[in-house]
Structures are given as C-alpha cells and as structure tokens.
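Please look over the fold and the packing of this protein chain. A short report on both is wanted.

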Amino acid sequence: MESEIKASLTTLLAAIKASDSQVVGVEMARLDGLLARGRETLHPQLVHFLHNRSYAKAVMFLGGQTDIPVGACGGRAVR
C-alpha cells in the first residue's frame, strides 16, 4: 500500500505545481481512500501526515528521511 500512497503523492504534488485542480482533487480523494483502508496497518506517523494532509512530510517519511521538520502539532508554539 505504501507504494500506492507514494505514487499518488508524487502525482498530487506534480499536479499542485502545475495548477491542475482536476488531478489534485482525484489524488486527494485517492489518498483519503488509501488512508481509510490502511489506517490500522500503516505506520502511525504516516497516518498522522496523511490525515493532516502534510503531503510533503509524507513523501519525506516514505523516502526514509528522519529529519522531518516538526510542525505546530509537534508541541512547539505557533508563531
């Protein structure tokens, strides 16, 4: 399932860059469906990123990066 998520994220981010709203909508719906199906088996951090639509962080996680920036939900004060 992670390979499907990564492919969808790649397509989504390219569509955002190209301002292709139709593809953005399709891929966001696809990711929502994948999250719903895999919520119990996916890594909790990946679930968190997908649920919060932190798609760039999800790509970083799937790429094996360990220095993913902490956002406001990570306990730091929002500025």
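The report below goes from the overall fold to single residues.

## Basis of the model

The model is predicted: local features need pLDDT of at least 70, side-chain atom pairs count only at pLDDT 80 or more, and totals for chains, interfaces and linings use all residues. Residues are numbered from 1 along each chain as its sequence is written, and side-chain values use heavy atoms, with hydrogens and water left out.

## Overall fold

The protein chain has four helices and zero strands. Read from the N terminus, the order is α-α-α-α. Helices here are DSSP runs of H or I with at least four residues, strands are E runs of at least two, and both are numbered from the N terminus.

Of the 79 residues in the protein chain, 28% are buried. Buried means under 20% relative accessible area, exposed means over 50%, and partly exposed lies in between (1.4 Å probe, protein chains only). The chain exposes about 5200 Å². Carbon and sulfur atoms supply 55% of that area. Accessible areas come from the Shrake-Rupley method with a 1.4 Å probe; for residues, only the protein chains shown count as cover.

Take the contacts with a separation of 6 or more: 42% of them join residues 24 or more positions apart. A contact means heavy atoms within 4.5 Å.

## The nonpolar core

The largest nonpolar core has 18 residues. In soluble globular proteins, nonpolar side chains tend to be buried together.

Leu31 has contacts beyond four places in sequence. They are Ile5, Ser8, Leu9, Leu12, Leu50 and Tyr55.

Four residues of H3 are named as buried: Leu46, Val47, Phe49 and Leu50. Seen down the helix axis, they fall within an arc of 165 degrees, so they line one face of H3. The arc is taken over the directions from the helix axis to the C-beta atoms. These buried residues pack against H1, helix H2 (21-38) and H4. The face turned away from the buried side carries the exposed residues Pro44 and His51.

The structure holds one aromatic pair. The rings of Phe49 and Phe61 have centres 6.4 Å apart and planes at 65 degrees, so the pair is edge-to-face. It links distant parts of the chain: Phe49 is in helix H3 (residues 44-51), Phe61 is in helix H4 (residues 55-62), and they are 12 residues apart. Both Phe49 and Phe61 are buried. Rings of Phe, Tyr and Trp (its six-membered ring) pair if their centres lie within 6.5 Å; planes under 30 degrees apart count as stacked, over 60 as edge-to-face and the rest as tilted.

Which side chain does the side chain of Ser8 meet in a polar contact? The partner is the side chain of Glu27, at 2.5 Å. A polar contact is a pair of N or O atoms within 3.5 Å; within protein, one must be able to donate a hydrogen and the other to accept it, and residues adjacent in sequence count only if both atoms are side-chain atoms.

Ser8 sits in helix H1 (residues 2-17), and Glu27 in helix H2. Ser8 is buried, with a relative accessible area of 0%. Glu27 is buried too, at 9%. Leaving aside neighbours within four places in sequence, Ser8 is in contact with Glu27, Arg30 and Leu31.

## Chain start and loops

Glu2 belongs to helix H1. Its relative accessibility is 38%, so Glu2 counts as partly exposed. The C-alpha atoms of Glu2 and Leu62 are 7.5 Å apart, although 60 residues separate them along the chain. Beyond four places in sequence, Glu2 is in contact with Leu42, Leu46 and Leu62.

Ser19 lies in the loop between H1 and H2. Its phi is near 55 degrees, a positive value in a residue other than glycine. Ser19 counts as exposed, at 64% relative accessibility. Arg53 is in the loop between H3 and H4. Arg53 is not a glycine, yet has a positive phi of about 55 degrees. With a relative accessible area of 40%, Arg53 is partly exposed.

Definitions and conventions: A nonpolar core is a set of buried Ala, Val, Leu, Ile, Met, Phe, Trp, Tyr and Cys residues joined through side-chain atoms within 4.5 Å.
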